[in-house]
Amino acid sequence: TSVYIPIYEGERPVAKKNSKLGQMILSGLPPAPAGAVQVDVTFRIDTNGILHVTAQDLGTKAAASVTINAEKGRLSEDEVEKMVQKAARYAEQDKELLARNDARAALRAYLHSLETSILG
């Protein structure tokens, strides 16, 4: 089993509203129920502006990493400033969207627990 990990840069709490920098796949994981896998993801930016991302499964210690260069797909200072302003402008809408998503996830979890308790 594997876990897909997209990497974004931005100020918005909703991933699709940010700039995608890259991705990685953490593989070699044993089958597990949805939400049971615990993955520790770390981000490090070195002195050259290169982003190093590492993901490690806490159970199996399986790991994956990716390096994203400063000039490849990264936002300029002006783009970052525009993104910060846009995040402030849409903060309330993003908050409402996250609340709806949280409510939907809670309902799905509740339905799953009902199904498990009824069907065994």
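Trainee: Between which strands is Arg 12 found?

Mentor: This is a predicted model, so to speak, and we read its elements as they were assigned from it. The strand β1 covers 3–9 and the strand β2 covers 19–26. Arg 12 is found in the loop between β1 and β2.

Trainee: Does Arg 12 count as buried or exposed, and why?

Mentor: Buried means under 20% relative accessible area, whereas exposed means over 50%. Arg 12 has a relative accessibility of 10%, and therefore Arg 12 counts as buried.

Trainee: Which residues does Arg 12 touch, not counting residues up to four places away in sequence?

Mentor: A contact here means heavy atoms within 4.5 Å. With residues up to four places away in sequence left out, the residues that Arg 12 touches are Lys 17, Asn 18, Lys 86, Ala 87, Tyr 90 and Asp 94.

Trainee: Which pattern does the protein follow when it is read along the sequence?

Mentor: The secondary structure of the protein comes to two helices and five strands. Read along the sequence, these elements give the pattern β-β-β-β-β-α-α.

Trainee: What radius of gyration does the protein have, beside that of a compact globule of 120 residues?

Mentor: Along its principal axes, the C-alpha trace of the protein spans about 55 × 35 × 15 Å. A compact globule of 120 residues would have a radius of gyration near 14 Å, but the value for the protein is 18 Å.

Terms used. Residues are numbered from 1 along each chain as its sequence is written. This is a predicted model: local features need pLDDT of at least 70, side-chain atom pairs count only at pLDDT 80 or more; totals for chains, interfaces and linings use all residues. Side-chain values use heavy atoms; hydrogens and water are left out. Helices (H or I, at least four residues) and strands (E, at least two) are DSSP runs, numbered from the N terminus. The radius of gyration is taken over C-alpha atoms; the globule rule is 2.2 Å times the number of residues to the power 0.38. Buried means under 20% relative accessible area, exposed over 50%, partly exposed in between (1.4 Å probe, protein chains only).
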